[in-house]
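Open your viewer and get your selection tool ready. We will go from one stop to the next, with something to select at each.

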Amino acid sequence: METLANLESFVRSAETGSFSAAARLLALTPAAVSRNVAMLERNIGVRLFQRSTRKLSLTEAGEGFLASIGGNLEALQAAINAVSSDRGEPAGVLKVSLAPTFGIGHVLPLLPAFLERYPLIKPEWHFENRPVDLIAEGYDAAIGGGFELTPGVVSRTLAAADVVAVASPAYLAGRALPDDPTQLSRFNGIVMRGSRTGRIRQWVMQDGAGHEAPVSLNETIVLNDPAAMREAALLGLGVTLLVLPDVSAHLQRGELVRLLPDWHADAGPISLYYPSRTLMPAKTRVFIDFVVEAFQQ
């Protein structure tokens, strides 16, 4: 009977198209993954991959073999995950990428309760303003917005990302409040330059009746991080546009004021992303369920 290590190495390599990416997912070296796959090919007498210095692709036989494994390997992995520790609990390193402002403000506070329920899981959380490649970089999950749903990745919506205009009471003192988004150009603007595009982020706001209007903030202060933009607004440096979850606590405490309360821009949902691979570890499954339940409540 073929070993699970050889089969897992084959499946992961087929999913990611790379021995190196498969190695990161399996916590092995690329050489070990390549060796496992070569052993599998030798044992069954069929070449499963076409190898080159630039690309790893399945042969026709490899595609058929991958399809035939399917749920059988999933069921076997699920059984192994169920007894992955002496206590039969989810265990292992949980590597997650999180948008910094939202992650620190809304996801990190969930960690104490999560670890109390699953003490054998070891969080390795990366707070970063970029959409990571979950499969190639070996992430178990990611939380944020703007991810492309590449093959092998699925998402669960956690919260709406309505973008609102805010400023501090001190900055607004003595100034006439705007009546519509076009009037925001009268104020100092705290704007964001996208790290991927290199351009200033532009927004179109809409009201409850469906009317739309472009926002034209002065580029008085240019930053590349939403948390820094929020802090600049708290310091009274001008008006900025941020997703509502990032400023809701400050609005409730009166530290920031929402301008144009009937208007917002749509930044798309804040979502939980994870690989849709058949072999989902127990640690990833319980994390997904825990976070989704917390945001539903």
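The tour starts at a sheet, moves on to a pair of helices and ends with salt bridges. Keep in mind throughout that this is a predicted model.

**Stop 1**

**Stop 1: strand 3**

Zoom in on residues 92–98, which make up strand 3. Seven bridges join strand 3 to strand 4 (residues 121–127), and the two run parallel. To see one of these pairings, pick Val93, whose bridge partner in strand 4 is Lys122. Strand 3 also runs parallel to strand 5 (residues 141–144), joined by three bridges. There, Val96 stands opposite Ala141.

**Stop 2: two packed helices**

Next, select helix 2 (residues 19–26) and helix 3 (residues 30–44), whose axes are 8 Å apart at an angle of about 105 degrees. That makes helix 2 roughly perpendicular to helix 3. Show side chains at the contact: Phe19, Ser20, Ala22, Ala23 and Leu26 of helix 2 meet Pro30, Val33, Ser34 and Val37 of helix 3. Of these contact residues, seven are nonpolar, two are polar and none is charged.

**Stop 3: salt bridges**

The count of salt bridges comes to seven; here are some to pick out.

- Glu41 and Arg51: the closest N and O atoms are 2.8 Å apart. This pair links helix 3 with strand 1 (residues 49–51), ten residues apart. Glu41 counts as buried at 11% relative accessibility, while Arg51 is partly exposed at 34%.
- Lys283 and Asp140: their side chains meet at 3.8 Å, N to O. Lys283 lies in helix 11 (residues 282–296) and Asp140 in the loop between helix 7 (134–137) and strand 5, so the pair ties together parts 143 residues apart in sequence. Both Lys283 and Asp140 are buried.
- Arg230 and Glu231: these side chains meet at 3.9 Å, N to O. Arg230 is buried, with a relative accessible area of 17%, whereas Glu231 is partly exposed at 39%.

Conventions
Residues numbered from 1 in each chain as written. Predicted model: local features only at pLDDT ≥ 70, side-chain atom pairs only at ≥ 80, totals over all residues. Heavy atoms only, no water. Buried < 20%, exposed > 50% of the residue type's maximum accessible area, 1.4 Å probe, protein only. Helix = DSSP H or I, 4+ residues; strand = E, 2+ residues; numbered from the N terminus. Pairing = 2+ DSSP bridges. Axes fitted to C-alpha atoms, helices over the stretch in contact; angles between N-to-C directions. Parallel < 35°, antiparallel > 145°, perpendicular 65-115°, else oblique. Contact = heavy atoms within 4.5 Å. Nonpolar A, V, L, I, M, F, W, Y, C, P; charged D, E, K, R; others polar. Salt bridge = Lys/Arg side-chain N within 4 Å of Asp/Glu carboxyl O.
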